[in-house]
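Here is a quick tour for anyone meeting this structure for the first time. Have a look at it, then read on.

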2 protein chains.
Amino acid sequence: MSPATAHVTFFPEGKSVEVAVGTHLSRAAALAGAFIDSPCGGRGACGKCRVQANGALSELTAAERNKLTMEDLDEGWRLACQATVIGDTKVKVPFGSLQIVLSGIQQQGKLAPGIRKVFLKLPEPTVEDQRADVERLRAALGAGARVSLDAARDLGHVLRAADFAVTAVLAGDECFAVEPGDTRTALYGIAFDIGTTTVVGVMLDLNTGEQVAVASALNGQAAHGADVISRINFAMSGPENLAELQRAVWETINGVIAQILRQSGVLRERIYELVAVGNTTMSHLLLGINPASLALAPYVPVNGEARVERADRLSAAINPRGPVYALPNIACFVGSDTVGVIMATRVHDGDRVRLAIDIGTNGEIVLGSRRRLLACSTAAGPAFEGAEITFGMRATDGAIEKVWIEDDVKVQTISKGRPRGICGSGLIDAVAEMLRLGLLDQSGRLIAQDDACQALPRALCDRLVQTERGYAFVLATVGKQQVYLTQQDVRKLQLAKGAISAGIAILMKELGVGYDDIAEVLLAGAFGSYVNPASSRAIGLVPAFPLSRLISVGNAASVGARLALLSTEARGEAEEIAARVEHVELSSRPDFQDIFVESMFFPPPAVRLG
Amino acid sequence: MSPATAHVTFFPEGKSVEVAVGTHLSRAAALAGAFIDSPCGGRGACGKCRVQANGALSELTAAERNKLTMEDLDEGWRLACQATVIGDTKVKVPFGSLQIVLSGIQQQGKLAPGIRKVFLKLPEPTVEDQRADVERLRAALGAGARVSLDAARDLGHVLRAADFAVTAVLAGDECFAVEPGDTRTALYGIAFDIGTTTVVGVMLDLNTGEQVAVASALNGQAAHGADVISRINFAMSGPENLAELQRAVWETINGVIAQILRQSGVLRERIYELVAVGNTTMSHLLLGINPASLALAPYVPVNGEARVERADRLSAAINPRGPVYALPNIACFVGSDTVGVIMATRVHDGDRVRLAIDIGTNGEIVLGSRRRLLACSTAAGPAFEGAEITFGMRATDGAIEKVWIEDDVKVQTISKGRPRGICGSGLIDAVAEMLRLGLLDQSGRLIAQDDACQALPRALCDRLVQTERGYAFVLATVGKQQVYLTQQDVRKLQLAKGAISAGIAILMKELGVGYDDIAEVLLAGAFGSYVNPASSRAIGLVPAFPLSRLISVGNAASVGARLALLSTEARGEAEEIAARVEHVELSSRPDFQDIFVESMFFPPPAVRLG
């Protein structure tokens, strides 16, 4: 018998998902592609994941009673990380709940998108005023305005069909479209985060800055390799392959746009701009630039700078004349997604030294302040996304997302489904708990079953078994089906976390700071939203800070893209950031191997316990 | 028996034509599409049509003995308007013989084309210098330089294939192509004069300003009407018609480019820019802008300003990334060709008031000086190009091009062919001579045969006959075939010349100048090169000036396009001219009809005889 389910619909997107009863609203939102920030990691501590819900939900938790006022409760506010689904529910994700930085733009009156509309009632031509249509329009738009050839081609007809009352659409000083009548209220753009694995698009109303719709899809390039190196190798093995990779990512993007159009009912022609962030390889492939040099010493990008190109020249399925703005990259493996993280977290602008870690298919690390800012990338590998791990899987239904070990192992799966495998947050939880109980030692070796039976409860001892994949620890058993973690899996995790913590160590060394000098550690990416900060610290993925200094910032790269969509000033800032960040090439440092090997060890118990 | 012929080959174009023995070199050059200016109208008076000839030509004329030194003669110099062909001849058209204004650019060191090439040996990347390829190139190009996405796409491969020694091709500050090695010597552009009837392209070497090749073709739009009004009507009768007209003109242009490539052996990719002038309708159709509003009161263009567009976006068959620069238009029927005439003649820059007349399918008139400049267009109609006249034809083999009347009529045909019809210059000559002898009166009425027989030689009286097209004067008879001018033909000419001289009169009135205030009358266009200034004056097409003030300037519009190709400063000047010229709309003036009717009369004998 399958578990009871319920439908949860998220607004303003209007996107609906079916989830198991008992699923947290925050998880349902993630499945629906509705992004809700949870800076405290879903512990109910920050109160940032407030949503307005109408339907059948669990009783209020203590955390909710603590964070919500009586008035809030009357209005139906809940914390998405606390409330679980009992029956069909409608949820309104308030603007600003996740978009603290974005709302800052509005509050400070900085909403200044690259695209703007101007409604004009032009004087009609007479024998005394025989100015050309283009000149007439330019005069009305004011000094410096230009009219593109496309707009000029429409102009004669549109002016006369609309009695000279038209809306000019401008990118900067260039009017690239004229629309009959007053269309000012219809002004949209989409911010894209182009991940190696996942492509996420968020449509914003450029008049208000509000999020109108969001959608995501798996990057269609995945057929040609899971990581950037295999994509680059594919691109290098034939000119038609580069074209194929470019086609694949645009097909994915256009699929996301199609979802957004369906959700929102907005006309394609009214989406006037697309802004994109991504790692450097994705940025190259998006623009059709061969990324070969990224994979060959001395590792240089072909293009680092921001690019603006017409949508139709990149086959972006928005208004064909609208611009596509691709944010600048920092270095070979530190892309515009990292620029987005910096923009969203404002690490570049603070007096205090802060550390930001964005773990996706690669791991990028940023350390510094307004005085000096360093960045590096680490070949974290896709272990945290579930790849390379025996029972690894993406964070979808049935993935073990949380693990506790007391007398026996307890797991929580996404949507409370039958355990099918383990995702990144579950993996880190499992290893942290196994370390705590001594199932793993500091070197990462799984305890021998004999030793375990002497020191640990029987239930745990029984979970240590020989499998066809070698010695392993069983996390869950459903019928004859087991989900376990092998010695080899632990080694993979050690390599991944070792690369990241070595990167952090080298940036700290380069900047000349110790742990006490770092005010905050910001965890970005989908990873950052769902991983348990305490577990991350326990395995030594992040330094041994008090938990109060570990902050989840969600998909900060996407927030950076949204900032660039809403503010040309933010674009200028992005370009300054890209130029200013000092890239530290780990592979060329003689000290890297040493620190890397050392970092593969797990922290001693004293550190783990904080 | 057909007359003896000879081949004349013109260099540097290398284009060959077969002409009748006795043909002037200047006419052979025109047939070959090799433009030779003849400011004095082919009278041997100015010496500007100097060419170096090697072959069988006529004896030196008195004019040549007067204009050429012994040294010139030793080097083979002849005057193209004097020397006639006896046998096969090779002719070198020197740079500067026709291009007085163009050579001025070189002499004054003003050669500054929009396209330039820079050869660079870039430092190769190292682990210490991991700048992106684009950044590396930009740094070498200097402050302000940008690299287009197309160039960026090539850059990674080209740099590494050429050991980082490359030639950057720039339009302004934008590098739009990178070529391996040093290609600086291969840098070409083509200047086009897009006529309603004829399209002429001249390829220039942008390193030296020299003319490399020239070619022409009939405008393929002619299938949809001979004049601009019928083209506009066709464009208005369906959106696919606009596309067809744009396609047709680009097919014509690309055919001319193909001829130029064959003549010169230059690679298509090495032609980096195309500059075009044309009347306002041609400018609209070239850019794919619907010209409907040009034909409807209150007569306004859609686009007046200069336009730059990528070649591939206009299907121009040059380097697909190179720019197409279309010069600005002044008004509805005063186009960028008139801007070109002003640039070439520098009417806008002189202290003295000058009058420039460009007669093609329409007639545009410019009057003024550096203080104030007026322009108008007249519906001259294509009478001067042979249309609408019973035996009218274009200036090709067999066209009567010159007419003298003494005791009887003598005609000269192009290439000395059997008379088949009459072209513009022959028509003006014929009417001027008929006026002189009283065959036509001041009102344009053909003398009655009875009256003629009393006053004129018998041979002339016999030429006045009734034909199936009405009463007419026979110019030539070959067997049973006659070429004659009907009363109706004379009326057509009166309408055409009346429109032009009325335009001149109105501009003079508007500027407040009399005949004595006008220092020079400049006759531009193919018409201007071949018409006899005295005959023009005799029929009242141009004012009654001393012949010394009537100057043929040849295809000045094309020279304007060439100036814009060679000098960005000249483009700035073109844009200033277009903004500055005051357009006088003849149709809206209450005094136009009066002056037009008056202008249809021929001048009294005293004026005709100068």
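## Domains, chains and a helix pair

In chain A, the C-alpha centres of domain 2 and domain 3 lie 32 Å apart; domain bounds come from an automatic or database domain assignment. This is a predicted model, where local features need pLDDT of at least 70, side-chain atom pairs count only at pLDDT 80 or more, and totals for chains, interfaces and linings use all residues. Residues are numbered from 1 along each chain as its sequence is written, with chains lettered from A and ligands numbered from 1 in the order in which they are written.

Here is how chain A is divided up:

| Domain of chain A | Residues |
|---|---|
| domain 1 | 5-98 |
| domain 2 | 115-180 |
| domain 3 | 188-326 |
| domain 4 | 346-380 + 492-608 |

Domain 2 of chain A puts 6 residues in contact with 7 residues of domain 3 of chain A (contact means C-beta atoms, placed from the backbone, within 7 Å).

Now for the two chains. Chain B brings 36 residues to the contact and chain A brings 36 residues. On the side of chain B that touches chain A, α6(B) gives the most, with 6 residues (helices are DSSP runs of H or I, at least four residues, numbered from the N terminus).

Inside chain B, the axes of α14 (residues 487-511) and α19 (residues 592-600) come within 8 Å and cross at roughly 130° (axes are lines fitted to C-alpha atoms over the stretch in contact, and angles run from 0 to 180 degrees between N-to-C directions). That's why α14(B) counts as oblique to α19(B): angles under 35 degrees are roughly parallel, over 145 roughly antiparallel, 65 to 115 roughly perpendicular and the rest oblique. Among the residues that meet there are B:Leu495 in α14(B) and B:Phe596 in α19(B).

Definitions and conventions. Contact = placed C-beta atoms within 7 Å. Helix = DSSP H or I, 4+ residues; strand = E, 2+ residues; numbered from the N terminus.
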